Amino acid sequence: MSDWIAIGALAVVGIGIPLGMMGVSALLRPSVPEQGKRTIYESGEVPTGSAHIRFNIQYYMVALLFLVFDIETVLLFPWVVIYRPALNAGVPMARLLLPMLAFVGILTVGLVWAWRNGAVEWMSSPRAMRRKTERNQP
Amino acid sequence: MAVGLLDAAPAQLFPEQVTNALGLPGVVGEFVGALIAAFLVGNVMLAFTGVAGPWAKRKITAAFTDRIAVDRIGPFGLLIIPAAAVQLLAKELIIPEGADRPSYDLAPLVLPASAMLGFAVIPMGQLGPVNLQLADPEVGFALTFAFASIASVSLVMAGYASNNKYSLLGGLRAVAQNLAYEIPLIVTAMSVVVFTGSLRTSEIVAAQQEALFTVAGVTIPSWFAIVNPFAFGLFLVANLAEIGRNPFDIPEAPTEIVAGYQTEYSSAYFVLFYLGEFLHIFLGGAILAMAFLGGASGPGPASIGFVWFVVKVWAFFLFTQWCRSALPRVRIDQLIEIGWKGMLVLSFANLILTAVLVGVIAS
């Protein structure tokens with residue numbers, strides 16, 4: 001129980017220190033508003049449009065795969081923890097190892113399928129590709 | 001020569017020691033004691049980043065590139081540390097137009113807080129009678145990774161809320177990087193748990209104290225870096241990517257996207273990001289030391305364990321700076337290929353191999 005009290009106390013400190021620094025800074029720093037000072041940085045140019053746009057994240061297939069493997073790691077953790085104690089208690093190795101191998105094997109088949117279908121790659125945006133190829137045409 | 005064993009370690013953790021020393025009663029007393037202990041540990045971490053950020057990083061880079069750095073104020077330029085702290089905190093805070101306010105302000109809080117929370121379960125060894133570990137729950141090892149990975153949430157918040165295109169790209173790159181490296185990192189960490197059979201961090205360290213073999217009178221301890229160097233290499237690379245250091249610093253990539261998610265941050269907010277990043281480097285080093293380098297063990301009595309812990313963590317920091325000076329940055333498509341086609345497969349191979357080996361040895 002006192003473990004979690006300590007972690008909670010560290011959370012309080014971990015948020016308190018940054019807040020304290022923000023507070024000190026608020027007391028120290030000047031405020032000199034000027035025309036154009038708050039403009040967003042775009043290599044010195046006048047910024048064009050907002051950054052809150054629909055944006056092609058080119059790894060959404062990888063993100064889907066990540067979910068699958070993330071759940072796999074969560075499910076593997078209990079197995080990893082009991083493996084050594086169970087071995088020491090005299091459970092035969094094959095009985096412990098084979099179910100895990102089957103479980104990882106199923107996911108490996110999935111990964112191979114995704115790999116062959118090009119899901120674990122940086123997706124090139126079709127629109128950007130078209131623009132590039134059109135530009136290259138005479 | 002005897003390797004410093006932790007068998008003499010006191011059973012009490014740091015918060016308990018503080019509570020008992022001050023004689024604080026009840027649950028409230030326990031919480032106050034824990035707060036004091038956490039504050040002290042937090043300040044040790046702040047001191048690390050204070051030395052690393054404005055001073056050591058510059059000195060190391062200068063040494064690598066054959067230049068002279070920070071030597072104007074104080075001995076070895078050390079007084080640059082308070083000077084930089086005051087200077088950075090006294091800067092004007094410029095909030096960009098169209099920033100997404102609550103998120104823009106919260107992101108610099110989340111990054112250092114997540115890194116500090118990661119230190120909760122790290123056994124930092126003894127310093128005299130003081131046992132520098134805040135908590136030792138049964139799920140400790142998994143908990144550090146859980147806390148450390150909150151960092152990417154902060155990077156996305158900052159990247160999106162800044163209303164800057166470079167920041168947006170930086171935030172999205174941080175996500176891609178974490179997607180690619182989180183799983184190899186944790187699966188490699190699992191291969192350590194296969195050896196120990198416990199997620200309790202003190203037991204992970206204790207399992208590395210036995211002598212592995214003796215060469216010419218020197219006892220080699222069974223640190224997992226020596227027992228399983230393959231896993232150590234994998235973990236080192238995945239750790240660099242997790243904390244976003246070269247060659248995997250693409251979320252910042254100063255020469256490509258200015259500073260990524262940091263572009264629009266100034267004053268205290270920028271300091272907090274900088275601080276959070278250094279804390280994450282040290283957390284990465286602490287996890288590495290705990291899981292592979294025998295935690296706080298080393299030659300000499302157990303009561304100087306903290307010194308060895310600091311040496312190991314700073315060695316990792318030096319390694320990240322070495323990589324920063326020596327290695328080119330990978331491209332983002334290369335990063336995804338290294339992560340998903342290389343590291344993921346290798347980390348699972350490592351886990352299965354380790355499990356088989358442990359099984360053969362145990363039976």
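## A walk through the two chains

Let's start inside the pair: the buried residues of helix α1 of chain A are covered by, among others, α1, α2, α3 (80-89), α4 and α12 of chain B. Keep in mind as you look around that this is a predicted model.

So what is this helix of chain A like? Helix α1(A) takes in residues 2-28, and its 27 residues reach 38 Å from the first C-alpha to the last, close to the 39 Å expected at 1.5 Å a residue. Its buried residues include A:Ile5, A:Ala6, A:Leu10, A:Val13 and A:Met21, and A:Asp3 and A:Ser25 are on that list too.

An unreviewed entry lists residues 6-28, 59-82 and 94-115 under "transmembrane region". In the model, residues 6-28 of chain A are 100% helix and 0% strand, with end C-alpha atoms 33 Å apart. Residues 59-82 of chain A come out at 96% helix and 0% strand, and there the end C-alpha atoms are 35 Å apart.

Now for how the chains meet. On the chain B side, 72 residues are in contact with 59 residues of chain A. Helices of chain B that each supply at least two residues to this side are α1 (14-22), α2 (26-64), α4 (101-118), α7 (165-196), α12 (267-292) and α14 (332-362). Sort the chain B residues that touch chain A by type, and you get 49 nonpolar, 12 polar and 11 charged.

Which residues touch the most other members of the largest nonpolar core? They are A:Ala6, A:Leu10, B:Ala38, B:Leu134 and B:Phe282, in a core of 144 residues. Helix α7(B) gives this core its largest share, 20 residues.

Follow α2(B) next. With 39 residues at 1.5 Å a residue, α2(B) should span 57 Å, and its end C-alpha atoms are 54 Å apart, which agrees. The helix does have a kink to look for: α2(B) bends by about 45 degrees at B:Ala52, and a proline, B:Pro54, follows within four residues.

Most residues other than glycine have a negative phi. Just after α2(B), though, B:Asp66 takes a positive phi of about 60 degrees. B:Val70, in the loop between α2 and α3 of chain B, has a positive phi near 20 degrees. B:Phe76 is found in the loop between α2 and α3 of chain B too, and its phi is positive, near 55 degrees.

Helix α4 of chain B holds B:Leu111. This leucine counts as buried because it has 28 C-beta neighbours inside 10 Å. B:Leu111 and B:Ser152 are 41 residues apart in sequence, yet their C-alpha atoms are 8.1 Å apart in space. Beyond its neighbours within four places in sequence, B:Leu111 is in contact with B:Ala151, B:Ser154, B:Leu272, B:Phe273 and B:Gly276.

For a contrasting stop, find B:Asn163, in the loop between α6 (151-161) and α7 of chain B. It counts as partly exposed, with 19 C-beta neighbours inside 10 Å. Its contacts, leaving aside neighbours within four places in sequence, include A:Ile40, A:Ser50 and A:His52 of chain A as well as B:Pro96 and B:Gly98 of chain B.

Finally, the record for chain B. The unreviewed UniProt entry marks "transmembrane region" at several stretches of chain B, including 139-161 and 342-362. Residues 139-161 of chain B are 87% helix and 0% strand, and their end C-alpha atoms are 34 Å apart. For residues 342-362 of chain B, the span is 100% helix and 0% strand, with 30 Å between the end C-alpha atoms.

Notes:
Residues are numbered from 1 along each chain as its sequence is written. Chains are lettered from A and ligands numbered from 1 in the order in which they are written. This is a predicted model: local features need pLDDT of at least 70, side-chain atom pairs count only at pLDDT 80 or more; totals for chains, interfaces and linings use all residues. Two residues are in contact if their C-beta atoms, placed from the backbone, lie within 7 Å. Ala, Val, Leu, Ile, Met, Phe, Trp, Tyr, Cys and Pro count as nonpolar, Asp, Glu, Lys and Arg as charged, and the others, Gly among them, as polar. The expected span of a helix is 1.5 Å times one less than its number of residues. The bend at a residue is the angle between axes fitted to the seven residues ending there and the seven starting there. A residue is buried if 20 or more other C-beta atoms lie within 10 Å of its own, exposed if 12 or fewer, and partly exposed in between; C-beta atoms are placed from the backbone. UniProt positions are given in the numbering used here, feature names are shortened, and annotations may be inferred rather than shown by experiment. A nonpolar core is a set of buried Ala, Val, Leu, Ile, Met, Phe, Trp, Tyr and Cys residues joined through C-beta atoms within 7 Å.
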